[in-house]
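Here's a walk through one chain, taken a piece at a time. Have a look at the fold below, and then we'll go through how its parts pack.

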Amino acid sequence: MAVRSRRRRTHRRRSLVGGPASTVTGALIRALADGAAIVTLGLAAVPLLESDRYRAELSRRAAGPLALAAAIWLLAEIVRLTVEAAQTAGVGFWQIGVRTLTDFGLHTASGRSGLVGIVAALVVGVVSILVPRGATTTSASVGVAAVGMAARTLTGHLSESPIGGMAVAVHALAAAVWCGVLAALVLTVTHRGQWARVLPRFSQLSLSCVGVLLIAGVAGAAIKLNSPAELWGTGYGRLLAAKVAVTVILMVLAWRNRSQWLPAARAHRSSAALSQHRSLVELGMMAVAVTLAAALAVTG
């Protein structure tokens, strides 16, 4: 009886490791890591939107939030790596050993992807704290954060296709720049004069990002899906359809902001509070899109 009971407990634990609850947990952890990485990339890049006269000031203001975002990204990547290693090994999160975790990190594609993210988050965080802000520091931080984001293409639903992997990398980076820089503006821009300077440049940047992510996203979906019927006939397809719907809403909202908010901000007729509010509404929809993207990566 004791042996059968122990076997039942082992089977139940393994079922939980690979079951629906584990998929939800994995998606939430990945969404947290992705969100932190996106904000980190945005905070690293946001000084580039400011004019030369005020760029150093914005860089200094962004340094603190950048260090915090990078720290959250680092912790989320460590947790994500540990959870995936534990699921692969069939053990609980707190039961995984250092050797098993090391083997997973070094000898699996998902593990190497996590290690690249960990190193990228660590480097960006250290640089933001210890290295004086400047053009070289900004460019290096943006590059390292982008590499950490792109490392996700080593695994996931299109990793086996070189073209698909490239498409998802470009799609992810374009979306990260769009979302991350807007989040960085919310965290660092405090008065209407600054919004008047940076918002037109952000608008041009976001327009380019939307074009790139649409092209890359369509290419990736065409490679992944065998027929349009899979959009409603499979779990992956339904998640993709939901993400497309959210993206369409985001584009409509962005276009409305571009046609109304942008002219008002440029003419100093939009208060900083109103600009913050409009940004937060758009960021809320972006958070939904990021969560769906994380679920797609885990499901695929």
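Predicted model: local features only at pLDDT ≥ 70, side-chain atom pairs only at ≥ 80, totals over all residues.

**How the helices pack**

Helix α6 takes in residues 135–150, and its axis and that of α5 come within 8 Å, crossing at roughly 160°. Angles over 145 degrees count as roughly antiparallel, so α5 and α6 are roughly antiparallel to each other.

Who touches whom here? On the α5 side you'll find Val116, Gly117, Ala120, Val123, Val124 and Val127, and they meet Thr137, Ser141, Val144, Ala145, Val147 and Gly148 of α6. Sorted by type, the residues of this α5 contact with α6 come out as eight nonpolar, four polar and no charged.

Helix α5 (residues 109–130) has another partner in α3, which runs over residues 52–89; those two axes also cross at roughly 160° and come within 8 Å. The pair α3 and α5 is therefore roughly antiparallel as well, and the α3 and α5 crossing is left-handed. The contact of α3 with α5 involves 15 nonpolar, seven polar and three charged residues.

Now zoom out. Of the 300 residues in the chain, 45% are buried. Among contacts with a separation of 6 or more, 75% link residues 24 or more positions apart.

In the model, residues 114–131 are 94% helix and 0% strand, with end C-alpha atoms 25 Å apart. For residues 168–190, the figures are 91% helix and 0% strand, and the end C-alpha atoms lie 34 Å apart.

Most residues other than glycine have a negative phi. Which way does the phi of His268 go, positive or negative? His268 has a positive phi of about 65°, although it is not a glycine. You'll find His268 in the loop between α10 (235–266) and α11 (272–299). His268 is partly exposed there, with a relative accessible area of 41%.

Terms used: Residues numbered from 1 in each chain as written. Heavy atoms only, no water. Axes fitted to C-alpha atoms, helices over the stretch in contact; angles between N-to-C directions. Helix = DSSP H or I, 4+ residues; strand = E, 2+ residues; numbered from the N terminus. Parallel < 35°, antiparallel > 145°, perpendicular 65-115°, else oblique. Left-handed = near helix turned anticlockwise from the far one by under 90°. Nonpolar A, V, L, I, M, F, W, Y, C, P; charged D, E, K, R; others polar. Buried < 20%, exposed > 50% of the residue type's maximum accessible area, 1.4 Å probe, protein only. Contact = heavy atoms within 4.5 Å.
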